[in-house]
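Subject: Structure for you to look at

Hello,

Here is the structure I said I would pass on. Please open it and keep it in view while you read the notes below.

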Amino acid sequence: MNKSSTKRPFVRPGALDKIEHLSYIAAPLSKQPFRSACQEFSSPSHQASGKVMPQPDNDVLQRFLFEQSDVRGEIVSLQDSYQAVLANHRRSDQEIPAAIDTLLGEFLSAAALLSATLKFDGIITLQAKPKNKGALELIMADSTRHNNLRAVARYDASNAPSDDQACDFRSLLDGGYLLITIDPAKGERYQSVIAIEHDSLSECLNTYFQQSEQLPTRIWLAADENRAGGLLLQALPVQLQSLEQRSELWQHLTLLVDTLKVDEQVTLSHRQQLHRLFHQEELQLFEPTALQFSCSCSRARTASMLISLGEKEIQTMLDEQTRIDVGCEFCHYVYQFNAEQAARLFSTEPPTLH
Ligand SMILES: [Zn+2]
């Protein structure tokens, strides 16, 4: 056991430095070979005991590498973080279709998978809007490199389609666009816009991967009312294989993942999914990283937003009301500024925001 992990280091730093926008962070966390772990888990004695049936993974992201090849992957499963987003979303009195819930799950999974590819501190945001005003006005999710996720959908039930079938990704967002923003803690913001001419968020993102000058990358997303999941494959720069070998493997692996069903993505553990897909491959599965719902809003950020509106606008608001309340769309926390606190925002004296 563990033979394969001693053959060579999993990741050679030189290979990783060459990847640009969607770079992979090299940090091998476990040297436990996936194959032996799979055999353990599926051995008859374990199954007969009825005790070791693995549960689905919750709120974790895991990376994996195919041995002796130039392809890697990320797999994610979300439950509590997804349910926290849905709980916030359901605070409105509106009747919200299940399709919006599952779309939020897919956006969250996609943000988590994409953030795992950042090689610097920062936030990745996915935001989609339809061309014309409809029931879904906006849907967005973001994830930090520290695995804090959040998402929101602006939904107006008064514009809801009468036909349930019109509640799919394309009908809700057709003709609109998907904006992907990579916002590093230091340095310039990077944005890409993709026209929504696809039936799913996965297809839309796959077009983004094809259009941007990146290594071959594919994403598969899924969600039901309880859980959300996703899988991403990315080719690494050719190093262990020839370009032809890597292309052949890439074709083979992506065809395998194309057979993965939504219910498998949201009910099976990561090991079960990877075993189901790649049991004939040598795979190295890394330790899971925990993810959580966490909102990045703050009083200081809210104050900056108010300052950006200008003193005149703030004064007009205070002429009409005694206090300015600013609610966060993501977590529903309300930041309150009375007249004195609002005036202090524009004062030249040192701010006291707390
Ligand atoms: Zn918030």
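Two residues count as being in contact, or touching, if their C-beta atoms, placed from the backbone, lie within 7 Å. Please keep in mind that this is a predicted model.

By that rule, and leaving out residues up to four places away in sequence, leucine 108 touches Leu78, Ser81, Tyr82, Val85, Ala141, Leu149, Ala151 and Ala228. Leu108 is also one of the residues that touch the most other members of the largest nonpolar core, which has 71 residues; Leu104, Phe107, Ala110, Ala111 and Ala112 are the others. Helix α6 gives this core its largest share, nine residues. In soluble globular proteins, nonpolar side chains tend to be buried together. Another core, of five residues, lies apart from the largest one and includes Ile324, Tyr335, Phe337 and Ala342.

Next, the sheet. Its six strands are ordered β7-β6-β3-β4-β5-β12, and the sheet is open, with mixed pairing. The edge strands are β7 (190-195) and β12 (292-293); each has a single partner strand, so one side of each has no neighbour in the sheet. Strands β3 (residues 122-129) and β4 (residues 136-144) run antiparallel and are joined by six bridges. Within this pair, leucine 126 of β3 stands opposite alanine 141 in β4.

Helix α6 (residues 98-115) packs on this sheet, where it touches β3, β4 and β5 (148-155), and its direction makes about 30° with that of β4. From first C-alpha to last, the 18 residues of α6 reach 26 Å, close to the 26 Å expected at 1.5 Å a residue. Is α6 mostly buried or exposed? Of its 18 residues, 15 are buried, so the rest of the structure largely encloses α6.

Strands β8 and β9 form a hairpin, with four residues between them. They run antiparallel and share seven bridges; β9 covers residues 228-235.

Last, tyrosine 333, which sits in the loop between β13 (323-327) and β14 (334-338). Tyrosine 333 counts as partly exposed because it has 13 C-beta neighbours inside 10 Å, while a residue needs 20 or more to be buried. Beyond its neighbours within four places in sequence, tyrosine 333 is in contact with Cys297 and Cys328. Serine 298 is 35 residues from tyrosine 333 along the chain, and their C-alpha atoms are separated by 9.3 Å.

Regards

Note on methods:
Residues numbered from 1 in each chain as written. Predicted model: local features only at pLDDT ≥ 70, side-chain atom pairs only at ≥ 80, totals over all residues. Pairing = 2+ DSSP bridges. Helix = DSSP H or I, 4+ residues; strand = E, 2+ residues; numbered from the N terminus. Axes fitted to C-alpha atoms, helices over the stretch in contact; angles between N-to-C directions. Expected span 1.5 Å × (residues − 1). Buried ≥ 20, exposed ≤ 12 C-beta atoms within 10 Å, placed from the backbone. Core = buried A, V, L, I, M, F, W, Y, C linked by C-beta atoms within 7 Å.
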